[in-house]
Amino acid sequence: MKGPKFGEMADAELEVEVRDMVSQMWKLRFQAATGQTEGVRKLHSLRRNIARARTILRQRELEKRVE
């Protein structure tokens, strides 16, 4: 999922999405450690998407403080 999709989501939805992506990332790391996966690219994209979502959440939080 790209940045603009995250921008359209509500805060609660974003938080749930981040939790889901973190759990997916943990599973992929475990699979990589045991040699069961070749999806290293998926791990990279998950890390970036988590960062995108957390950045949007942080920006919204800072906007609320200013108002």
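Predicted model: local features only at pLDDT ≥ 70, side-chain atom pairs only at ≥ 80, totals over all residues.
1. A word on the basis: local features need pLDDT of at least 70, side-chain atom pairs count only at pLDDT 80 or more, and totals for chains, interfaces and linings use all residues. Residues are numbered from 1 along each chain as its sequence is written, and side-chain values use heavy atoms, with hydrogens and water left out.

2. Helix α2 covers residues 11-33; helices here are DSSP runs of H or I with at least four residues, numbered from the N terminus. With 23 residues, α2 reaches 33 Å from first to last C-alpha, close to the 33 Å expected (1.5 Å times one less than the number of residues). After α2 comes G35, with a positive phi near 75 degrees.

3. The model has one aromatic pair (ring centres within 6.5 Å, using the six-membered ring of Trp). W26 and F30 are stacked, at 5.8 Å centre to centre and 10 degrees between the planes; stacked means planes under 30 degrees apart. These two sit four residues apart in α2, so about one helical turn separates them.

4. W26 is exposed at 57% relative accessibility, while F30 is partly exposed at 48%. (Buried is under 20%, exposed over 50%, partly exposed in between, with a 1.4 Å probe and protein chains only.)

5. The buried residues of α2 are L14, V18, M21, M25 and L28. The largest nonpolar core has 12 residues, including L14, V18, L46 and I50; such a core joins buried nonpolar residues through side-chain atoms within 4.5 Å. Both α2 and α3 (40-66) supply at least two of its residues.

How values were computed: Phe/Tyr/Trp six-rings, centres within 6.5 Å; stacked < 30°, edge-to-face > 60°.
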